[in-house]
Amino acid sequence: PNRSKLQDMLANLRDVDDLPSLQPSVAPSSRPSSSRLIEHEINRTDEVEALTFPPSSGKSFIMGADEALENELGLGELAGLTVANEADSLTYDIANNKDALRKTWNPKFTLRSHFDGIRGLAFHPVEPVLITASEDHTLKMWNLQKTAPAKKSASLDVEPIYTFRAHNGPVLCVVMSSNGEQCYSGGTDGLIHGWNTTNPNIDPYDSYDPSVLRGAFVGHTDAVWGLVYSGAHQRLLSCSADGTIRLWKATEIAPALNIFNDNQEMGIPSSVDLVSSDPSLMVASFNSGHTSIFNMETRQRILTLESSVDTTISSSCQINRVISHPTLPISITAHEDRHIKFYDNNTGKLIHSMVAHLDAVTSLAVDPNGLYLMSGSHDCSIRLWNLESKTCIQEFTAHRKKFDESIHDVAFHPSKCYIASAGADALAKVFV
């Protein structure tokens, strides 16, 4: 009985096909393949093996014939989406469907081995390797391709392949050199340690190799909150709770080359980054709510970005992170008062300001192509923003709270499809 009903419906379908189509071009062009499929269903003999699916049909062969029909009849444009038809993507209006074609990120690994909150993350420039810096005084290196099935869950577990121990206090930040052969970490002990990054295929049970530790850059008298590596000059920039920003020669353990803000005229620096469009400039944000651009060679403060800081309510004007856009002359700041702000580096003017989270915004990262911004917050969520439209395109809850803190850092892998987040719950998560 169903078969004859199907044939009637098919006959009706064919009549409909002859009418001029009111739907966008995506749907009709994918129709024949689905109806062809249903003819297959009708004419097929008992040998299931003989059934060949039309090469262009995507998911429709998973559905029963009735479902496929229902899609054809009632779903309009959506019917076209069940079929991955290569030719259609050409007729698609790419401009309006950027977000339809974009990637959605899904959690893949949970890195559990630290004993306390993770403060910082650094990806290797080309390998699937991540280094985490934790309040448990250590850094750990993870090879994301060495996985083991996790107990009790479908996700995969990654074991750390190396633990870096030298700090005597929480480690707050970590950064990798542009070739991935060195990494640098800063902590509450005021030291910056340089490390020779071990081979990601090292056996975790090998005996200790003393050449991993390169030595400490000494100079700061209080916690080092932020580090940046400049590949252009092989320099290292650090900002510290002692009020100074220091520039170091990354290749040798020696005193700082330059010291900025040594009389704290701007406040205490909270974050620093290199200005992508001009490698001799850096941008630094301060707990006073100010952000300034400095010339690293001449030590001059070139520009202070416009800020609407009301000094009477100074409680929440702190800026937690500043980053430089990889291709545009724009600085982006993350604020304690839930805002993310965008500034023009040439004029210092505020381009855009938005309330981005339900709690303090702690961290920012821009993907290597400069199209998406990722932000992490103490509201436990990571949000992905389309930089052009400044709209949120994906949000995921990634970490649990510890006291009133949640996410401390987020990062995009420079060359692979990974993003990572560091949580106060002692976990790092990796999304693909």
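**Entry 1: The whole protein**

I call a residue buried when its relative accessible area is under 20%. With that cut-off in hand, I looked up the share of buried residues, and they make up 52% of the 432 residues in the protein. I note at the outset that this is a predicted model. I then looked up the secondary structure and found 6 helices and 28 strands. My next item was contacts between residues with a separation of 6 or more; residues 24 or more positions apart account for 49% of these.

**Entry 2: Strand β23 and its two partners**

I turned to strand β23, which spans residues 372–377. How many of its residues are buried? I found that 6 of its 6 residues are buried, and I recorded the strand as mostly covered. I also checked which way the residues point. Y372, M374 and G376 point one way from β23, while L373, S375 and S377 point the other way. Residues of both sets are buried.

I looked up the pairing of β23 with strand β22, residues 361–366. The two strands run antiparallel and are joined by 5 bridges. Within this pairing, L364 has S375 in β23 as its bridge partner. β22 and β23 form a hairpin with 5 residues between them. In the turn of this hairpin I noted G370, which has a positive phi of about 75 degrees.

I then followed β23 to strand β24, residues 381–386. Here, too, I counted 5 bridges, and β23 and β24 run antiparallel. Which residue in β24 is the bridge partner of L373? I found that W385 takes this place. The hairpin of β23 and β24 has 3 residues between the strands. In this hairpin C380 takes a positive phi near 75 degrees.

**Entry 3: The sheet from β6 to β9**

I looked up an open sheet of 4 strands, and its order is β6-β7-β8-β9 with antiparallel pairing. Its edge strands are β6 (171–176) and β9 (213–217), each of which pairs on one side only. From one strand to the next, the twist averages 20 degrees. Inside the sheet I examined β7 (residues 182–187) and β8 (residues 192–196), which pair in the antiparallel sense over 5 bridges. I noted that G186 stands opposite I192 in β8.

**Entry 4: The sheet from β18 to β21**

I looked up another open sheet of 4 strands, in the order β18-β19-β20-β21, and its pairing is antiparallel. Which strands form the edges? They are β18 (319–324) and β21 (350–355), and each pairs on one side only. Neighbouring strands of this sheet are turned by 15 degrees against each other on average, direction ignored. I then looked at β18 and strand β19 (residues 330–335), which run antiparallel and are joined by 5 bridges. The bridge partner of R321 in β19 is A334.

**Entry 5: The second largest pocket**

I next looked for empty space. Rolling a probe the size of a water molecule over the atoms shows where such space is left. The second largest pocket has a volume of about 350 Å³. I found 19 residues in its lining, and Y162, T163, P204, D206 and Y208 lie nearest its centre. Strand β5 (residues 156–165) gives the largest share of the lining, 6 residues. I sorted the lining residues of this pocket into 10 nonpolar, 4 polar and 5 charged.

**Entry 6: Two single residues**

I looked up T291, which is found in strand β16 (residues 291–295). Is T291 buried or exposed? I class T291 as buried because its relative accessible area is 2%, and the cut-off for buried is under 20%. Leaving out residues up to four places away in sequence, T291 touches V283, A284, S285, L303, T304, L305, I319, V322 and T333.

I then looked up A256, which lies in the loop between β12 (245–249) and β13 (258–260). A256 has a relative accessible area of 25%. Not counting residues up to four places away in sequence, A256 touches R246, L247 and W248. I also looked up A256 against V218: they are 38 residues apart in sequence, and their C-alpha atoms are 8.2 Å apart in space.

Note on methods:
Residues are numbered from 1 along each chain as its sequence is written. This is a predicted model: local features need pLDDT of at least 70, side-chain atom pairs count only at pLDDT 80 or more; totals for chains, interfaces and linings use all residues. Side-chain values use heavy atoms; hydrogens and water are left out. Buried means under 20% relative accessible area, exposed over 50%, partly exposed in between (1.4 Å probe, protein chains only). Two strands pair if DSSP finds at least two bridges between them. Axes are lines fitted to C-alpha atoms, for helices over the stretch in contact, and angles run from 0 to 180 degrees between N-to-C directions. On a 1 Å grid over the protein atoms alone, a cavity is a set of points where a 1.4 Å probe fits but cannot get out, and a pocket is an open set with protein on both sides within 12 Å along at least five of seven lines; lining residues have an atom within 4 Å of a point. Grid points are joined across faces, edges and corners, and a volume is the space filled by probe spheres set on the points. Ala, Val, Leu, Ile, Met, Phe, Trp, Tyr, Cys and Pro count as nonpolar, Asp, Glu, Lys and Arg as charged, and the others, Gly among them, as polar. Contact means heavy atoms within 4.5 Å.
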